[in-house]
Amino acid sequence: MGAIKGNSCTLKYKAEPSNNADDIADSLATYLSVTGVTSASISMSNSTFEAVNITDESTESTVRDFAVGTTSTTLSVEGVYDPAQTYNADELFTLCKNKTRIGIFWITTQTEDAGLGGVGFCTSFELTAGMDDFVTFSASFELEGNPVYVDLDA
C-alpha cells in the first residue's frame, strides 16, 4: 500500500460555473492552491436499494438482490488560518458564502502529478480558535457525481 504524508497534500480550487469534472480533463494549471492545509480527505459512497427478491428453488430460500443508485462524494479539508497568507481560508469562505459552484481537487505537493476531486459546492465552513492556540479552519464540499482522477503528467 502506498501512502502520501498529510503535509505533502493540498487542495486546488477554482470557480467552475459551467465545467463538469470530466471537462477539466488533465489541467489544473489555472487552479489556486489552498495555503495552510493540514489535512484533507475524500470519501465516496453508493446508495443501494433492494431491487428484487429471488427465490432459490433448490433450497426454497429467498435471496435479496441489490441495485446501486446514486453516488455521493464528499471532500473535507482542515488547516491553519492565517489572514496574511494569499489563497488561505478567506477565499474558501467567500466561495461558500456566495454558494459558488467550484472545482476542488486533492493533490500531492511532492510531485503535483495527479489530483482527485470534482465539481460541487461548499456545504460547511468553520473557523475555530482555542485559548492560546492557532486559529484553524475546516470545510466540506459535496461533489456532483463520481469523483474524477486528473493525471497531470498525461
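How many aromatic pairs does a search of the whole structure find?

Mentor: A search of the whole structure finds three aromatic pairs. Rings of Phe, Tyr and Trp (its six-membered ring) pair if their centres lie within 6.5 Å, and planes under 30 degrees apart count as stacked, over 60 as edge-to-face and the rest as tilted. The model is predicted: local features need pLDDT of at least 70, side-chain atom pairs count only at pLDDT 80 or more, and totals for chains, interfaces and linings use all residues. Residues are numbered from 1 along each chain as its sequence is written, and side-chain values use heavy atoms, with hydrogens and water left out.

Consider Tyr31 and Phe105. The centres of their rings are 5.8 Å apart and the planes stand at 75 degrees, so this pair is edge-to-face. Tyr31 belongs to the loop between helix H1 (21–24) and strand S2 (32–33), whereas Phe105 belongs to strand S5 (residues 102–108); the pair thus links distant parts of the chain, 74 residues apart. Helices (H or I, at least four residues) and strands (E, at least two) are DSSP runs, numbered from the N terminus. Tyr31 is buried, with a relative accessible area of 5%, and Phe105 is buried as well, at 0%. Here buried means under 20% relative accessible area, exposed over 50%, and partly exposed in between (1.4 Å probe, protein chains only).

Elsewhere, ring pairs join Phe93, Phe125 and Phe137 into a cluster. Setting aside neighbours within four places in sequence, Phe125 is in contact (heavy atoms within 4.5 Å) with Ala89, Leu92, Phe93, Cys96, Phe137, Ser138 and Ala139.

As for the setting, the protein chain has two helices and eight strands, in the order β-α-β-β-β-α-β-β-β-β along the sequence. Of its 154 residues, 29% count as buried.
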